[in-house]
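Here are some exercises to work through with the model open beside you. Try each task before you read its solution.

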Amino acid sequence: MSTRLRAIKRTWKNFKRHPLLHLASISTISASCLILGGFLLCSRNFENLAEKTNPNVTGTVYLRENLSEGQIAELKERILSQDNVMKVSFKPKKKVADELQIFLGSNAGEVLPGAELFPDLIELELNKNTSAQDLIALKTVISREPEITEVDFSEDWLAQYKKVRGLLSGIGWTLMIALVLGCSFIIANFMGMRHQSRKEEIEIVQLIGAERSFVLTPFIWEGLIEGILGSGAAMAILLIGKWLLGDLLASQWNAILGTSSWLFLSFGQMILLGFIGITTALLGSFTVFLKTAERFR
Amino acid sequence: MAQKMVHIRGLGVRYSASRYALRNINFDLDRGEFAYITGSNGAGKTTLLKILFAMERASEGNILVNNRDVSELPKNQVYQYRREVGFVFQDFKLLPDLTIYDNVALPLEIRKMTPGEVDHRVRGVLSLVGLGDRAHDFPQTLSGGEQQRVAIARSIIGRPSLLLADEPTGNLDSATARDIMSLFLEINDMGTTVLIATHDEGLMDEFPARTIRLQGGQVVQDRGQA
């Protein structure tokens with residue numbers, strides 16, 4: 001019988017010998033992964049929603065009267081060459097008046113006066129990640145153009161939006177740190193529990209002549225299996241939770257949030273959770289081994 | 001020298017500059033000899049056995065067991081050495097969730113013996129200690145004396161040349177203790193060198209053998225030396 005096969009057989013025996021201990025280990029790892037996974041899931045969906053509700057940053061540039069088509073084209077080029085400007089489109093005063101008429105519809109008491117009252121304008125579409133400061137700087141530069149009478153950007157609203165998002169992000173990170181600390185506490189207890197329960201066994205097998213690999217190998221296998229099962233169980237619970245609860249909430253809040261379903265963990269996040277689960281379990285195994293085995297060598 | 005199983009010269013175990021657990025211990029044990037280490041509590045009996053089993057390191061002196069220098073034994077060879085020496089503990093040190101059979105088989109599994117070989121040897125040794133019919137019971141279902149028999153079976157299944165026992169009858173009533181001593185003698189008759197640490201004078205009188213008496217970490221008497 002090969003050494004590896006013997007180790008797997010002993011691991012299987014150990015699982016049968018200590019079913020409750022292994023169940024407790026798997027549950028602990030699962031609970032830690034569930035907490036972290038739950039946070040990652042919320043974080044991913046929050047990011048997704050934030051992305052969806054991220055406002056298109058736009059601006060309107062009002063032009064002086066009687067500009068030639070050449071001047072307008074040249075001005076568009078100059079504006080487009082500025083940082084963060086993604087798109088520019090010219091809108092003549094006639095179109096502005098028509099759109100306003102359509103917007104007011106039947107609420108308008110009477111037909112709007114002639115288009116002459118409105119200026120020609122250029123609408124700007126900016127990079128979504130433009131900050132309020134960038135917007136103010138851009139506004140200052142564009143305002144200096146002689147063909148322009150006024151520039152209107154929604155910089156105050158944008159600044160408020162960014163502030164709220166920054167605050168939420170800060171809360172998220174604080175929560176993440178608290179969760180990591182909480183999980184560390186759970187894991188430390190888990191390691192202590194494993195150490196207590198296996199200490200005697202390690203001591204005895206070393207005293208009857210077991211070499212290090214005989215003691216350590218089943219521990220590694222056990223850690224690996226516990227880690228895979230623990231993190232797998234956490235992901236399964238999260239998936240079921242997303243199906244049962246998440247989609248129900250999403251359908252109710254669809255109108256407000258603009259989404260009818262929640263995202264599950266990304267592939268990278270699933271790998272991260274699996275890694276955390278397996279590492280935790282292996283760390284537990286190694287800690288028990290090192291704390292005990294060295295004393296009886 | 002080749003006939004000596006244990007050869008100890010100038011052995012000392014020092015915990016601090018002025019505090020010794022053992023001091024200038026000198027004695028030999030011949031192959032196949034049966035001997036007691038005795039003395040009051042704290043005399044150094046257990047420390048001496050632990051040194052011989054490589055559970056503790058000597059501060060000074062030479063210890064040869066079966067021509068192997070235990071005082072210089074590298075850490076990565078300790079496990080091999082322990083396969084040549086059996087040790088019976090006062091508290092048995094059995095794994096409670098393994099059957100008697102599995103507890104006794106453990107030293108052979110460690111040696112990677114085939115299941116057939118393991119089965120043959122385990123059945124033989126369990127029958128020697130009189131527990132052939134209890135192989136599939138768990139330790140907690142056995143009496144103290146029976147548990148000690150299992151511990152002895154486990155310690156001799158690897159056919160050690162030296163068997164050490166630390167107060168093996170300390171937790172047993174006198175009738176059971178006599179049974180266990182008879183078992184040690186039987187093992188000794190098969191050629192194994194046996195060294196037992198005990199402070200049970202009655203038992204030593206009943207089963208007379210060489211007695212090395214320790215006091216304050218020093219040998220004060222070596223009676224009945226072969």
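Buried means under 20% relative accessible area, exposed means over 50%, and partly exposed is in between (1.4 Å probe, protein chains only). This is a predicted model, so local features need pLDDT of at least 70 and side-chain atom pairs count only at pLDDT 80 or more, while totals for chains, interfaces and linings use all residues. Residues are numbered from 1 along each chain as its sequence is written, chains are lettered from A and ligands numbered from 1 in the order in which they are written, and side-chain values use heavy atoms, with hydrogens and water left out.

**Exercise 1. Aromatic pairs**

Task: find the aromatic pairs and describe the geometry of Phe34(B) with Tyr36(B) and of Phe53(B) with Phe87(B).

Solution: 
- Start with the rule: rings of Phe, Tyr and Trp (its six-membered ring) pair if their centres lie within 6.5 Å; planes under 30 degrees apart are stacked, over 60 edge-to-face, and the rest tilted.
- Run over the whole structure, the search turns up three aromatic pairs over all chains.
- Take Phe34(B) and Tyr36(B): at 5.5 Å centre to centre and 85° between the planes, they are edge-to-face. Both Phe34(B) and Tyr36(B) are buried.
- Now Phe53(B) and Phe87(B): the centres are 4.8 Å apart and the planes at 50°, so this pair is tilted.
- Phe53(B) sits in the loop between α1 (45–52) and β4 (60–65) of chain B and Phe87(B) in strand β6 (residues 85–88), 34 residues apart. Helices (H or I, at least four residues) and strands (E, at least two) are DSSP runs, numbered from the N terminus.
- Check burial: Phe53(B) is buried at 1% relative accessibility, and Phe87(B) is buried at 7%.
- Finally, ring pairs join Phe53(B), Phe87(B) and Phe89(B) into a cluster.

**Exercise 2. Salt bridges inside the chains**

Solution: 
- The rule asks for a side-chain nitrogen of Lys or Arg within 4 Å of a carboxyl oxygen of Asp or Glu. The structure holds 24 such salt bridges over all chains.
- Arg78(A) and Glu74(A) meet at 3.3 Å, N to O. They both lie in helix α3 (residues 69–80) of chain A, four residues apart, about one turn of the helix.
- Arg78(A) is partly exposed, at 24% relative accessible area, and Glu74(A) is partly exposed too, at 48%.
- Lys4(B) and Asp30(B) come to 2.9 Å, N to O. This pair links distant parts of the chain: Lys4(B) is in strand β1 (residues 4–14) and Asp30(B) in strand β2 (residues 20–30) of chain B, 26 residues apart.
- Asp222(B) and Arg210(B) meet at 2.8 Å, N to O. Asp222(B) is in strand β10 (residues 218–223) and Arg210(B) in strand β9 (residues 210–215) of chain B, so the pair ties together parts twelve residues apart in sequence.
- Asp222(B) is partly exposed at 25%, whereas Arg210(B) is buried at 3%.
- One more step: salt bridges that share partners join Glu74(A), Arg78(A), Glu145(A) and Glu147(A) into one network.

**Exercise 3. The interface**

Task: describe how chain A meets chain B.

Solution: 
- Count contacts (heavy atoms within 4.5 Å): 20 residues of chain A touch 24 residues of chain B.
- Get the buried area, meaning the accessible area (1.4 Å probe) that two parts lose on being put together, summed over both. Here that comes to about 2,100 Å², with carbon and sulfur atoms giving 58%.
- Look for charge pairs: the rule finds three salt bridges across the interface. One of them joins Lys93(B) and Glu203(A) at 2.9 Å, N to O.
- Then ask which elements take part. On the side of chain A that touches chain B, α1 (3–17) and α6 (155–207) of chain A give two or more residues, and α6(A) gives the most, with six.
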